[in-house]
Number of protein chains: 2
Amino acid sequence: MVLPTSTRTPPEGSTRTRLLDAAVRLVRAKGLNATTVDDLCAAAGVSKGAFFHHFDSKERLAVAVADHWSQTTGAVFASAGYHDKADPLDRVLGYIDLRADLIRGTAAEFSCLAGTMTQEAFESSPAVRDACAASIFGHAATLEADLSAAIAANPPAVTVNAASLARHTQAVLQGAFILAKAADDPAVVLESIEHLRQYVQLLFSPAIHPPVPKAKKRP
Amino acid sequence: MVLPTSTRTPPEGSTRTRLLDAAVRLVRAKGLNATTVDDLCAAAGVSKGAFFHHFDSKERLAVAVADHWSQTTGAVFASAGYHDKADPLDRVLGYIDLRADLIRGTAAEFSCLAGTMTQEAFESSPAVRDACAASIFGHAATLEADLSAAIAANPPAVTVNAASLARHTQAVLQGAFILAKAADDPAVVLESIEHLRQYVQLLFSPAIHPPVPKAKKRP
DNA sequence: GACACCATACCGACTAGTTGGTATTGTATC
DNA sequence: GATACAATACCAACTAGTCGGTATGGTGTC
């Protein structure tokens, strides 16, 4: 491939980007199956020929959208202010507070594209499912270092695994999004985020020294 | 209407019931949009005419399936053994342990029908969304009495609202199901259930007396 | 019991519209 | 003219829902 002269990067509002951005909007609102190729073309102001010029299939677009989602959301969190805090626990709590701050508008605006697509793709399209998994678990992984540091700095009385707790934060958020969609009310998300915050605080609370009895084996 | 003689209740494996049971299976596996009316008829061994004899539309079926789901799962939890425990906290922990016990097989087998349908219906079909909401929040409500009693018996240092905590348990489960679908691995559900259990234990742990600082208002 | 009557359950071919995807053609840039 | 990109027309498969008609069985009357 030759990139000779000046403008070889596609113009910023390129067809491909417009389609991906439209897909994020529509899929978050309607889901993947209910979003047709024609919907996407109309929303992006693009012809069907252009669509299939850039993406071999709707499934390929879905994978690309999941990757696009990973990148754009990754950038938001990477540049967020909570990384600057000195105490690793404050960084974790800062992340949680940021998640709460991002709950604005409708469910379609604050919910997670990857979680939405997972439900529809997990049996019909391994490629899409894997892309969603990469987005969710990749994001969870960005919390691990801070959690590990917090555990090392202030070991909780109960055994806590950083990776597991990082995944749990994502489970809480994904589930809260579902409840918000069902109730048609964003408040339930804030509620669950508050419970998550309280859980993390309790885990690292110095008040806990007489160790809580380990969760008993179930019969 | 006259119901004179003997058999007026439809036969137990009735067409309607077969369709509802088939719908539970297919929708949990493929989602609502990806499940066609023909799929349902084939799975239930029923003709298309019979389908539309019993349900005016696919949407009506979806509502009926959500109600059916509420009833069948409601019966399972209503008859479970954890209600017999004397200590309300033990009943709550017993519920959580039961949820863990029910994680068997594939995601399509243990995940929640209402949560799955919510994602696809919340913008396109208020009727289905409301039926899903009734299922999820109705189930959450069955936990409230035990949580209230536990709070009354052993007030946590941090303020806890029973209804809010009950909803949070459902958020954790719903989110864990999504992560399990993404990872194609039921283990992540058990992980999050364990975190939920630990959160409840910590909340009610007598070790917490120097009150944890109240969650700060976000800027 | 024989009869007419009627309601419910059911069948499966059909339709109108939608879907993802293709074929063809046009155009701008090198 | 070669290459990348894009617009239009088009197709075969599929979809939810319809429709005319059948099967069964119960009810009331004689």
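**Exercise 1. Determine how many cavities of 30 Å³ or more the structure holds, and describe the lining of the largest cavity.**

*Solution.* Step 1. The structure, a predicted model, holds 1 cavity of 30 Å³ or more. On a 1 Å grid over the protein atoms alone, a cavity is a set of points where a 1.4 Å probe fits but cannot get out, while a pocket is an open set with protein on both sides within 12 Å along at least five of seven lines; lining residues have an atom within 4 Å of a point.

Step 1. The volume of the largest cavity is about 30 Å³, where a volume is the space filled by probe spheres set on the points, and grid points are joined across faces, edges and corners.

Step 2. Its lining includes Gln119(A) from one chain, and Gln174(B), Phe177(B), Ile178(B) and Lys181(B) from the other. The elements giving two or more residues to this lining are α7 (113–121) and α9 (162–183) of chain B, and α9(B) gives the most, with 4 residues. Helices (H or I, at least four residues) are DSSP runs, numbered from the N terminus.

Step 3. By class, the lining has 3 nonpolar, 5 polar and 1 charged residue. Here Ala, Val, Leu, Ile, Met, Phe, Trp, Tyr, Cys and Pro count as nonpolar, Asp, Glu, Lys and Arg as charged, and the others, Gly among them, as polar.

**Conventions.** Residues are numbered from 1 along each chain as its sequence is written, and chains are lettered from A and ligands numbered from 1 in the order in which they are written. In this predicted model local features need pLDDT of at least 70, side-chain atom pairs count only at pLDDT 80 or more, and totals for chains, interfaces and linings use all residues, while side-chain values use heavy atoms, with hydrogens and water left out.

**Exercise 2. Describe the largest pocket and the second largest pocket.**

*Solution.* Step 1. The largest pocket has a volume of about 540 Å³. Of its 28 lining residues, the closest to the centre are Trp69(B), Thr73(B), Phe77(B), Arg99(B) and His139(B).

Step 1. α4(B) supplies the largest share of this lining, 8 residues. The classes are 13 nonpolar, 12 polar and 3 charged residues.

Step 2. The second largest pocket holds about 450 Å³ of space. It is lined by 23 residues, and Trp69(A), Thr73(A), Phe77(A), Arg99(A) and Phe110(A) lie nearest its centre.

Step 3. For the second largest pocket, α4(A) gives the most to the lining, with 5 residues; the classes are 11 nonpolar, 8 polar and 4 charged.

**Exercise 3. State how chain A is related to chain B, and characterise their interface.**

*Solution.* Step 1. In chain A, the C-alpha nearest the axis belongs to Gly175(A), 1.8 Å from it.

Step 1. In contact (heavy atoms within 4.5 Å) are 60 residues of chain A and 59 residues of chain B.

Step 2. The two chains bury about 5600 Å² between them, 60% of it on carbon and sulfur atoms. Buried area is the accessible area (1.4 Å probe) that two parts lose on being put together, summed over both.

Step 3. Across the interface there are 4 salt bridges, each a side-chain nitrogen of Lys or Arg within 4 Å of a carboxyl oxygen of Asp or Glu. One of them joins Arg129(B) to Asp184(A), with the closest N and O atoms 3.3 Å apart.

Key
Least-squares fit on C-alpha atoms with pLDDT ≥ 70 in both.
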